[in-house]
Amino acid sequence: MSRNLSMIRDVDQHKDGTVTIGCWLHNKRSSGKIQFLQLRDGSGFIQAVVVKSEVPEEVWETAGKLTQESSLYVTGTVREDTRSKSGYELTVTGIEIIQVSTDYPITPKEHGVDYLMDHRHLWIRSPRQRAILVIRAQIIRAIQQFFDERGFHLVDPPILTPSSCEGTTNLFHTKYFDEDAFLTQSGQLYMEAAAMALGRVYSFGPTFRAEKSKTRRHLIEFWMIEPEMAFVTHEENLEVQEQFVSHIIQSVLENCGKELEVLERDTSKLRNIQAPFPRITYDEAVQFLKANGHEIEWGEDFGAPHETAIAEKYDKPVFITHYPTEIKAFYMKPDPNRPEVVLCADMIAPEGYGEIIGGSQRIDDPDLMEERFTEHQLSKEAYQWYLDLRKYGSVPHSGFGLGLERTVAWICGLDHVRETIPFPRLLYRLYP
Ligand code: 4AD
Ligand code: MG
């Protein structure tokens with residue numbers, strides 16, 4: 001028999017009507033004559049009330065058997081209830097248990113992070129984790145919408161690659177039959193080829209960094225969005241980025257009010273996030289840091305405390321531009337007026353969330369690219385295809401990479417990126 005099920009998020013369309021929902025028992029309270037069932041079905045949460053004097057004896061007894069995370073079908077009348085969070089409550093008329101769950105490992109008491117991470121497959125059922133994953137899905141929707149509406153094409157670069165993109169120190173090695181292969185750190189080089197074919201492109205996929213970092217900003221496997229644009233220069237690249245990030249934030253504010261509330265996120269800080277964003281040069285950033293007691297010399301890269309100190313000056317993300325050529329990737333275009341710095345920018349999120357975007361204009365001159373290959377001891381054989389892009393109709397072009405999980409952490413206001421992805425891959429965690 002097929003059931004005509006409703007979803008919790010749609011109960012408002014059935015005010016005073018009768019619905020049946022497939023759900024799980026999140027929690028239960030009882031006062032002897034009334035049982036309050038907190039139900040969840042993935043689409044939302046709702047309270048269902050079983051009144052002893054108003055239901056057949058067996059319905060009351062069935063409700064009594066329900067334990068945390070038992071699965072069931074509930075039938076009831078939808079009542080408007082201004083006191084409840086969802087605005088609605090169910091007055092139960094029937095219950096059919098699918099399975100009684102025994103000894104659910106995550107109880108309402110406090111558990112340690114490691115314990116919760118070991119039970120991540122169940123932990124994601126909790127209201128807080130659900131809210132984060134719903135917001136992540138909305139961010140993904142907003143990203144696709146932004147690029148799809150602006151004439152970009154989605155292109156998928158390979159995950160198994162013969163060589164590196166962002167340096168060799170953190171590559172995951174694997175065998176590709178008899179050859180050596182690596183999991184991609186970034187699809188950028190392939191996206192450059194795609195931009196020469198389709199003009200404006202973006203990729204959206206997993207990337208891998210075998211980094212022995214155990215910080216709240218690092219994952220081993222993370223998702224990156226990498227747009228690449230032919231005929232676009234450094235300055236226009238920054239404009240796309242600030243519009244892009246503003247669009248994501250506004251879209252989450254518009255569509256995920258309930259979820260942000262579950263997370264107790266201070267949304268006033270997010271409402272502010274509208275283009276344009278402030279820009280400072282690397283030089284200015286170093287000066288500022290030195291003046292504020294940080295030990296840093298020109299030519300050194302910024303660490304997390306440096307980024308946080310700079311970001312604290314602003315209530316929007318800030319671009320740090322023109323880093324020293326020496327500390328950035330081989331493909332970045334030097335500033336024609338000052339070749340010791342490159343036409344690049346990192347976007348640093350507010351509230352201490354660190355770098356969420358890295359991007360640059362790319363070298364389009366074939367001779368300079370060859371020079372960089374020699375300096376960086378890169379094999380011209382392995383990258384012949386990439387050098388071809390500078391040989392056959394080379395054009396100015398730029399792109400960037402947004403880290404999805406750091407963006408989710410910032411928007412949700414989380415302490416650690418481990419909660420931003422369904423099944424995080426961390427330095428000491430490959431399970432579940
Ligand atoms: O700055 P990254 O390394 O830049 C690139 O890979 C370029 N090829 C992108 C491009 O121009 N197409 O990485 C880009 C972003 C960072 O700003 C950060 O948000 C995120 O990816 N990221 C990480 N997120 C989580 N865990 C890690 N280990 C990350 N490494 C980088
Ligand atoms: Mg970077």
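Analyst: Ligand 1 is surrounded by 21 residues, of which the closest are Glu166, Gln188, Arg209, Glu226 and Glu355. The model is a predicted one, and the distances that follow are computed from its atoms. A nitrogen atom of ligand 1 lies 2.7 Å from an N or O atom in the side chain of Glu166. The backbone also takes part: a polar backbone atom of Leu219 is 2.9 Å from a nitrogen atom of ligand 1, and a polar backbone atom of Phe400 is 3.4 Å from a nitrogen atom of the ligand. Taken alone, ligand 1 exposes 630 Å², and the protein buries 93% of that area. Strand 17 gives the most, with four residues.

Aromatic rings form the next topic. The structure holds 20 aromatic pairs. One of them joins Tyr282 and Trp298, whose ring centres are 5.7 Å apart with 85° between the planes, an edge-to-face arrangement. This pair links distant parts of the chain, since Tyr282 belongs to helix 9 (residues 282-291) and Trp298 to the loop between helix 9 and helix 10 (304-311), with 16 residues separating the two. Tyr282 is buried, at a relative accessible area of 0%, whereas Trp298 is partly exposed, at 40%.

Tyr282 also pairs with Tyr323: the ring centres are 5.4 Å apart and the planes meet at 45°, so this pair is tilted. Because Tyr282 lies in helix 9 and Tyr323 in the loop between strand 13 (318-321) and strand 14 (334-335), the pair ties together parts that are 41 residues apart in sequence. Tyr323 is buried, with a relative accessible area of 1%. Elsewhere, one aromatic cluster is formed by Tyr190, Phe330, Tyr331, Phe373, Tyr383, Trp385 and Tyr386.

Charged side chains are also placed over aromatic rings. The charged end of Arg29 sits over the ring of Phe36, at 4.5 Å from the ring centre. Lys313 lies over the face of Phe288, and here the distance to the ring centre is 4.3 Å.

The cysteines remain. A search of the whole structure finds zero disulfides. Cys256 counts as buried, at 2% relative accessibility. For Cys344, the closest cysteine sulfur is that of Cys165, and the separation of 14 Å is likewise too far for a bond. Cys344 also counts as buried, with a relative accessibility of 1%.

Key: Residues numbered from 1 in each chain as written. Chains lettered and ligands numbered in written order. Predicted model: local features only at pLDDT ≥ 70, side-chain atom pairs only at ≥ 80, totals over all residues. Heavy atoms only, no water. Disulfide = S-S within 2.5 Å. Buried < 20%, exposed > 50% of the residue type's maximum accessible area, 1.4 Å probe, protein only. Phe/Tyr/Trp six-rings, centres within 6.5 Å; stacked < 30°, edge-to-face > 60°. Lys NZ or Arg CZ within 6 Å of the ring centre and 35° of its normal. Near = heavy atom within 4 Å. Polar contact = N/O pair within 3.5 Å; in protein donor to acceptor, adjacent residues only side chain to side chain. Areas by Shrake-Rupley, 256 points an atom, 1.4 Å probe, with all protein chains shown as cover.
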